[in-house]
Amino acid sequence: MGMTDLRVNLSGVELKNPLIPASGTFGFGREFLPYYDLNLLGAISVKGTTGEPRFGNPTPRIAECPAGMLNSVGLQNPGAQAVAKEELPALRQVYTGPIIANISGFSEEEYVRCVERLTGQEQVAILEINISCPNVRHGGMAFGTDPEAAARITRAVKRVATRPVYMKLSPNVTDIVAIARACAEAGADGLSLINTLLGMRIDLQRRRPVLANTYGGYSGPGIFPVALRMVHQVTGAVDIPVIGMGGVTTARDVIEMMMAGAKAVQIGAANLVNPMACPEILAALPGEMEKLGIRALSEIERVPVN
Amino acid sequence: MNYEITENRALTASVHSMRLRGDTGSLTRPGQFVQVALPDFYLRRPISVCEWDRESLRLVYKVVGQGTAAMAEMKPGACLDLLPGLGNGFDTGACGEKPLLVGGGVGLPPLLGLCRALLAQGKKPLVLAGFGTAAEAFLLEDFRALGVPVTVTTMDGSLGLRGLVTDALGDLDYDDVLACGPLPMLKALWRCTGGRGQYSLEERMGCGFGACMGCSVQTAAGSMRVCKEGPVFRGEVLPWA
C-alpha cells in the first residue's frame, strides 16, 4: 500500500499538510466549526489584524466575477487587543495546530505595535505581514508596491518579531521580483503571494460601479495562472520559502502551486463558496499524488523555465 | 448539500416558486435563508426560505440578474447544491400575540413560513402586503388559505388600497411588527410604528455563513453581519436606529 507523506516545513514550523486557509476567508475559524474539525488543517492564517478595530468600507463590498469574486471589505477586524485577548484564545479551544497571525497597518509604527502585541502569543507560529491590501488608502498596498517601503516595513517588523516573518505581497506591481528581493534582503524569513488583483464591475442598469468603494480585489480560480507565474518568478529569484496562493481550488492546483516553487499553499475564495473546500482538497490529495508518482510533497521540485 | 427540484414555476413575470426535496434538518426558524450554487456562477445566491417541512422546502425568488434568471430556467428533476439553514431568522417566541407581518414585494416569501409558525404557537398574526401593481402580486392565496386577515396595498391602486404599506397601518389592530422588504419600506415602517419589532435586511453576500465580512452593517450594538447576526434584527439595533 502506497503511503503518501503530506508534511511540509516553513522556517522550522512543521505542518502536517500544506493546506492553510487564507487570511480574510476564514475569520478566526469559528464559522467553519459546523462543517469540520479544524485540526485537519496544516495551519490557519487568521483575519488581517490592525492596531485599532476597523469596520472597513461601506457595502456593497462583494461582487460576482467570471471565475471568481471581488471584495472591498477593507480589513474589518476587532483590533490587535481583542485578537490577542479573545479571538486567538477562542481559536485555541478548538484548534491546536500552527496559527499564522496576519498583520496590517497604516504606518510603520502601527505594524510594529501590532506585531509586538501578537508575536508573544504562544499560539502564533508565523507572522504574515500584509503589505498588499488593495482596499485601504494610505497604507496596505502602498507599502507593498515600492521595494524600499517593503524593505523598511520588513526591517521594522523583524526588529520586534519573535516568530518567523512572512511578507505578503501584492500582484498589483510591474515587477514582483523586485519587491520579493527587497523583502528577502531586509531579513524576511519567507513570503506569501499573491494577494488579490485590483478590479471592478459596473452595474449596467444603474451605470455605476457595483462596489461602494468602486474598486476591489479579485480572487478565485480566474487568478490562479497569474499566481502561479508570480510564485514561479519569485522562487527563481529568492532563497527564502514561499507560501503560494491565488485561486487554488483543487488538489491538483495544490500540486501545481508546489511545482511552481511554493512550500505550502493557502486556500482563499474557495472556502467562501464551499465551506468544505479544505477537507475535500485534503481528501483528494493522496490520490492525485499517487497518480503523479509523488510520495512526499516536500520532495516536489520547482519546475524549470523552458 | 444536494436537493432535487420538484417544481419551478412562475408566479408573476419576475417572481418564481421552486420546491426542493432534501434534508431540512438545519432549518430551525422562519426567516432563515439558503445559499444556492448555480452552474457557471462563482458566488452562491442567498434566497430566503418561504416555507418548509421535514423533507422539502420552498423558495420564492425574484429574477434580478443573470444568476436568478438561470435558476428560473431549471427543470424539475434537476439537482441544486444548497447551504441550508443560514442566518438567525425571526424570534416567534419574543414577539407579541397579534403581530403584523409586513412584506414588500419579494420580501413577502419568508413571512409565509413565519405566519405558519406563529399560528402553530397560538398567536394571531395579520398580514400586510405591498406591491407596485396588481400584476406583481403573489402568495396572497397562500396566506388566505391559512385563515389570517390579509391587507394589500399597491402603488397604483390596481389591487387593495392605493399607496404604501405605511398608509394602511391606521386601520389595523396589532401589537408587534415583523417585516421584510425594500430598505425604504423598512425605514418608513420603523418610523411609523415607534421603532419596535423585527426587521429582515438584505445585503450583497460573499459566503453567507459569516466568514468573509462582505455583508457587515454598523448598528448601535456594534458591527453585525447580515448573514450571521441577521438577516433579522430587532428594531433597536437596526443600522439607522
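**Domains, contacts and strands**

Tutor: Start with the domains of chain B: the assignment gives domain 1 (2-86), domain 2 (90-200) and domain 3 (201-241). Such bounds come from an automatic or database domain assignment. This is a predicted model, where local features need pLDDT of at least 70, side-chain atom pairs count only at pLDDT 80 or more, and totals for chains, interfaces and linings use all residues. Residues are numbered from 1 along each chain as its sequence is written, chains are lettered from A and ligands numbered from 1 in the order in which they are written, and side-chain values use heavy atoms, with hydrogens and water left out.

Student: How many residues from each chain take part in the contact between chain B and chain A?
Tutor: Contact means heavy atoms within 4.5 Å. Chain B gives 24 residues and chain A gives 30 residues.

Student: How do I read the size of an interface?
Tutor: It is often given as the accessible area lost when the parts come together. Here, buried area is the accessible area (1.4 Å probe) that two parts lose on being put together, summed over both. For chain B and chain A it is about 2,200 Å², and carbon and sulfur atoms give 61% of that. Tyr42(B), Arg204(B) and Phe209(B) supply 34% of the area that chain B buries against chain A, more than any other three residues.

Student: How many salt bridges are there between chain B and chain A?
Tutor: A salt bridge is a side-chain nitrogen of Lys or Arg within 4 Å of a carboxyl oxygen of Asp or Glu. The count between the two chains is 2. One salt bridge joins the side chains of Glu64(A) and Arg45(B), at 2.8 Å from N to O.

Student: How many residue pairs are in polar contact across the interface of chain B and chain A?
Tutor: A polar contact is a pair of N or O atoms within 3.5 Å; within protein, one must be able to donate a hydrogen and the other to accept it, and residues adjacent in sequence count only if both atoms are side-chain atoms. The rule finds 10 such residue pairs between chain B and chain A, with both residues at pLDDT 80 or more.

Student: Which strands of chain B each supply at least two residues of the side that touches chain A?
Tutor: Strands (E, at least two residues) and helices (H or I, at least four residues) are DSSP runs, numbered from the N terminus. On chain B, strand 7 (79-86), strand 14 (216-219) and strand 15 (222-225) each supply at least two residues of the side that touches chain A. Strand 14 of chain B gives the most, with 3 residues.

Student: What is the make-up of that side of chain B?
Tutor: Ala, Val, Leu, Ile, Met, Phe, Trp, Tyr, Cys and Pro count as nonpolar, Asp, Glu, Lys and Arg as charged, and the others, Gly among them, as polar. The residues of the side of chain B that touches chain A divide into 13 nonpolar, 6 polar and 5 charged.

Student: Now inside chain B. How far apart are the C-alpha centres of domain 2 and domain 3?
Tutor: They lie 22 Å apart. In the contact, 11 residues of domain 2 of chain B meet 11 residues of domain 3 of chain B. The area buried between these two domains is about 860 Å², with 68% from carbon and sulfur atoms. Trp190(B), Tyr199(B) and Ser200(B) supply 53% of what domain 2 buries against domain 3, more than any other three residues.

Student: What polar links does the rule find across those two domains?
Tutor: Across the interface of domain 2 and domain 3 of chain B, it finds 3 residue pairs in polar contact, both residues at pLDDT 80 or more. The salt bridge count there is 0.

Student: What is the strand order in the open sheet of chain A?
Tutor: Two strands pair if DSSP finds at least two bridges between them. The open sheet has 8 strands in the order 3-16-15-10-9-8-7-4, with parallel pairing. Its edge strands are strand 3 (19-21) and strand 4 (44-45) of chain A, and each pairs on one side only. Within the order, strand 15 (residues 242-244) and strand 16 (residues 264-267) of chain A run parallel, joined by 2 bridges.

Student: Where is the cis peptide bond of Pro231(B)?
Tutor: It runs from Gly230(B) to Pro231(B), with omega near 10°. Pro231(B) lies in the loop between strand 15 and strand 16 (232-234) of chain B.
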